[in-house]
Amino acid sequence: MSSGAPRIYLDHAATTPPDPAVVDAMLPYFRERWHNPSSIYVEAQAARQVIDEARATIAALIGAAEPDEILFTSGGSEADNLALRGVLAASRRRGKHLITSAVEHHAILDTAEELEREELAEVTLVGVDRDGVVDPAAVEAAVREDTVLVSIMHANNEIGGVNDIAEIARRVHAKNPHTMVHTDAVQSAAHLGVNVDRLGVDLLTFTGHKLYGPRGAGALYVRNGTPLQGQILGGQQERGIRAGTEDTAAIAGFALAMSMAAERREADLDHERALQERLMAELPKHIPMLAITGPREASKRLPGNVSCTVAFVEGESILLALDLAGIAASSGSACTTGSVEPSHVLVATGMPAELARGSLRFTFGRGNTDADVDRLLEVLPPIVQRMRALSPVPVSEAPEAWKSWLSN
Ligand SMILES: Cc1ncc(COP(=O)(O)O)c(C=O)c1O
């Protein structure tokens with residue numbers, strides 16, 4: 001551990017620190033207002049009202065026509081699972097073709113794979129370009145008569161590529177009006193703001209803990225008329241689609257965090273973009289044989305995300321050294337941290353697997369400053385240099401296949 005200097009958190013895409021105002025707003029629901037919202041007495045009805053208000057607030061923020069189009073879940077993973085399983089189960093008579101992309105979060109990819117194993121889905125995976133972005137024309141081309149659902153993420157959690165969901169939805173619906181379009185907006189909801197009509201989607205996933213809200217609260221937006229079969233059976237909560245006693249505290253905190261994200265969006269965006277652009281410009285100058293991954297253009301990239309690959313080193317080893325130096329970062333999706341497999345996202349972009357092993361992800365948030373970028377630029381280059389010196393692989397010429405990726 002370094003000299004007692006404050007630690008630097010550069011992993012906001014994994015989770016964000018809950019805003020103190022959100023925590024304060026949640027506390028009464030643990031201490032005094034903890035009643036079951038489904039019960040009949042006055043305290044329970046007050047809890048019900050809190051949930052109704054949270055639902056209305058969130059519905060208005062994302063442009064939903066009705067509060068009932070918001071189904072509360074335990075988070076993004078559950079909402080993704082519900083979207084895929086729920087639409088396919090409710091659409092069996094129409095078919096079982098599901099289209100998704102090779103760079104989705106595992107909450108989508110693993111569910112799609114499992115549905116295929118269970119013979120409940122036939123899955124088409126569309127590829128991506130070098131920046132991890134899906135071509136809307138490729139999605140359109142994959143749509144068939146029996147395609148019941150298309151699920152393409154809004155912004156990629158590892159390398160920050162933003163998909164043109166409005167264009168994808170427009171093309172899909174034009175080719176097959178019966179096909180539903182879902183987007184996983186877990187990473188984009190805070191930064192870009194989402195409006196379900198502008199995006200043209202039928203279902204949309206988002207979650208509280210990526211926008212300074214609590215863990216354990218997420219939602220699936222489901223446009224009225226979308227076929228969806230519940231996957232957690234039991235009580236009649238969430239219109240009978242998602243059983244389970246509601247977590248009033250988490251839902252209230254989630255709604256407040258969403259409102260605060262909307263109010264602060266411009267300021268947050270400017271702040272995170274400035275740090276992002278500076279680090280993206282500086283990293284290749286400080287470290288030879290480093291490739292920035294994902295889109296370079298700000299308009300095509302998730303604000304606050306800087307991802308790169310460092311040739312001839314393991315990303316995981318760099319992360320451990322950064323941790324010792326007081327910097328918390330990630331090599332990609334937090335869910336895959338600890339695994340030795342190269343990122344499925346980078347592999348899908350066409351990057352050679354060996355090069356992809358050096359992947360790193362820095363994601364900025366409200367609390368970061370220019371001094372954090374200075375510190376990272378001070379400690380990272382000597383770490384890379386030291387590791388390359390220890391590498392069993394001689395650091396000489398990069399293999400031919402790596403050259404187009406390593407611009408410096
Ligand atoms: C794109 C994306 N989808 C889904 C999830 C899962 O969300 P949750 O952690 O709320 O289950 C994540 C979390 O990292 C994510 O980045």
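A: Of the 13 residues around the ligand, those that come nearest are Gly76, Ser77, Asp184, Thr207 and Lys210, where a residue is near a molecule if one of its heavy atoms lies within 4 Å of it. This is a predicted model, in which local features need pLDDT of at least 70 and side-chain atom pairs count only at pLDDT 80 or more, whereas totals for chains, interfaces and linings use all residues. Residues are numbered from 1 along each chain as its sequence is written, and side-chain values use heavy atoms, with hydrogens and water left out.

Three of these residues can be described through polar contacts, a polar contact being a pair of N or O atoms within 3.5 Å; within protein, one atom must be able to donate a hydrogen and the other to accept it, and residues adjacent in sequence count only if both atoms are side-chain atoms. In Asp184, a side-chain N or O atom is 2.6 Å from a nitrogen atom of the ligand. Ser77 places a polar side-chain atom 2.7 Å from an oxygen atom of the ligand, and for Thr207 the distance from a polar side-chain atom to a ligand oxygen atom is 2.8 Å. Of the 390 Å² of accessible area that the ligand has on its own, the protein covers 88%, with areas computed by the Shrake-Rupley method and a 1.4 Å probe; for residues, only the protein chains shown count as cover.

Turning to the shell as a whole, helix α4, which spans residues 76–90, gives the most to it, with 3 residues; helices here are DSSP runs of H or I with at least four residues, numbered from the N terminus. By type, the shell holds 8 polar, 3 charged and 2 nonpolar residues, where Asp, Glu, Lys and Arg count as charged, Ala, Val, Leu, Ile, Met, Phe, Trp, Tyr, Cys and Pro as nonpolar, and the others, Gly among them, as polar.

Key: Helices (H or I, at least four residues) and strands (E, at least two) are DSSP runs, numbered from the N terminus.
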